[in-house]
Every structure is written in C-alpha cells, then in structure tokens.
Amino acid sequence: PTAEIHLLRRGGLHLWVRLPRHLDEETVVERAGRAGVLVSPGRIYYPAEPPGPRIRISHSAAANTAELAEGVRRLATAVEEV
C-alpha cells in the first residue's frame, strides 16, 4: 500500500474508482462517511455516462502518507461491509 499511496501524492487531486457492478454507489459513499472517509458518488460528475457504480476519492488534503493509508484502510472496510 505504501507504494500506491506514494503514487497518489505525486500528481492529481482525485482518484476515480470503478466499483463492482453489484455494489450500490450511494451505499458505499454512506458507509465510507460513517467510517470517517468522505468520497463522492461518481454519478454526479458523469450523468450522461452509462450507469455503473464509481466513486471519486480526493487525496490532495491529506497531511501525510500515514493519513492516506488510514483512509484507504477505512474505505476498504466500508466497501467490504457493503
């Protein structure tokens, strides 16, 4: 995970994640929020795209890689719960 997190910090503001079709995008966003990770539903950014669950993760405000790692851990737990 550390190598992947390092790549996130080198460029860009957002990471787009396509979720498996069987997951409900809104439920993932809600569960992530309960875990303290704020992500955006992809649907609001691409209303003309074919349906498919995706989320937008903003990583530019993270203070350090430890904070990013904790966010990834919490998001993974939230997705597993869905």
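# Aromatic pair, sheet and salt bridges in a predicted chain

The count of aromatic pairs comes to 1, where rings of Phe, Tyr and Trp (its six-membered ring) pair if their centres lie within 6.5 Å, and planes under 30 degrees apart count as stacked, over 60 as edge-to-face and the rest as tilted. That pair is formed by W16 and Y45, and its geometry is edge-to-face, with 5.6 Å centre to centre and 80° between the planes. Distant parts of the chain are linked by this pair, since W16 belongs to strand β1 and Y45 to the loop between β2 and β3, 29 residues apart. The model is predicted, so that local features need pLDDT of at least 70 and side-chain atom pairs count only at pLDDT 80 or more, while totals for chains, interfaces and linings use all residues. Residues are numbered from 1 along each chain as its sequence is written, and side-chain values use heavy atoms, with hydrogens and water left out.

**Overall organisation**

- The protein chain has 3 helices and 3 strands, these being DSSP runs numbered from the N terminus (helices H or I, at least four residues; strands E, at least two).
- Read along the sequence, these elements follow the pattern α-β-α-β-β-α.
- Of the 82 residues in the protein chain, 29% are buried, where buried means under 20% relative accessible area, exposed over 50%, and partly exposed in between (1.4 Å probe, protein chains only).
- The accessible surface of the protein chain is about 5,600 Å², and carbon and sulfur atoms account for 56% of that surface; the areas come from the Shrake-Rupley method with a 1.4 Å probe, and for residues only the protein chains shown count as cover.
- Among contacts in the protein chain with a separation of 6 or more, 71% come from residues 24 or more positions apart, a contact being heavy atoms within 4.5 Å.

**The sheet**

- An open sheet is formed by 3 strands in the order β1-β3-β2, with antiparallel pairing; two strands pair if DSSP finds at least two bridges between them.
- The edge strands are β1 (14–18) and β2 (40–41), each of which pairs on one side only.
- β1 and β3 are joined in the antiparallel sense over 5 bridges, and within this pairing V17 stands opposite I55 of β3.
- β2 is joined to β3 (residues 54–58) by 2 bridges, again with the strands running antiparallel, and the bridge partner of S40 in β3 is R56.
- β3 is mostly covered, as 4 of its 5 residues are buried.

**The surroundings of E25**

- E25 is found in helix α2, where its relative accessibility of 1% makes it buried.
- The side chains of E25 and R43 meet in a salt bridge at 3.3 Å, N to O, a salt bridge being a side-chain nitrogen of Lys or Arg within 4 Å of a carboxyl oxygen of Asp or Glu.
- Because R43 lies in the loop between β2 and β3, and E25 in helix α2 (residues 25–34), this pair ties together parts that are 18 residues apart in sequence.
- In contrast to buried E25, R43 counts as partly exposed at 46% relative accessibility.
- The E25 side chain also reaches the backbone nitrogen of R54 at 3.0 Å, within the limit for a polar contact (a pair of N or O atoms within 3.5 Å; within protein, one must be able to donate a hydrogen and the other to accept it, and residues adjacent in sequence count only if both atoms are side-chain atoms).
- With neighbours within four places in sequence left aside, the contacts of E25 are L19, P41, G42, R43, G52, P53 and R54.

**Other salt bridges**

- E30, R31 and R34 are linked in a network of salt bridges; E30 is partly exposed at 35% relative accessible area, and R31 is partly exposed at 22%.
- E70 and R74 meet through their side chains in a salt bridge at 2.9 Å, N to O, and both residues lie in helix α3 (residues 65–81), 4 residues apart, about one turn of the helix.
- E70 counts as partly exposed at 29% relative accessibility, and R74 counts as partly exposed at 32%.

**Exposure of the aromatic pair**

- W16 is partly exposed, with a relative accessible area of 35%, and Y45 is partly exposed as well, with a value of 33%.
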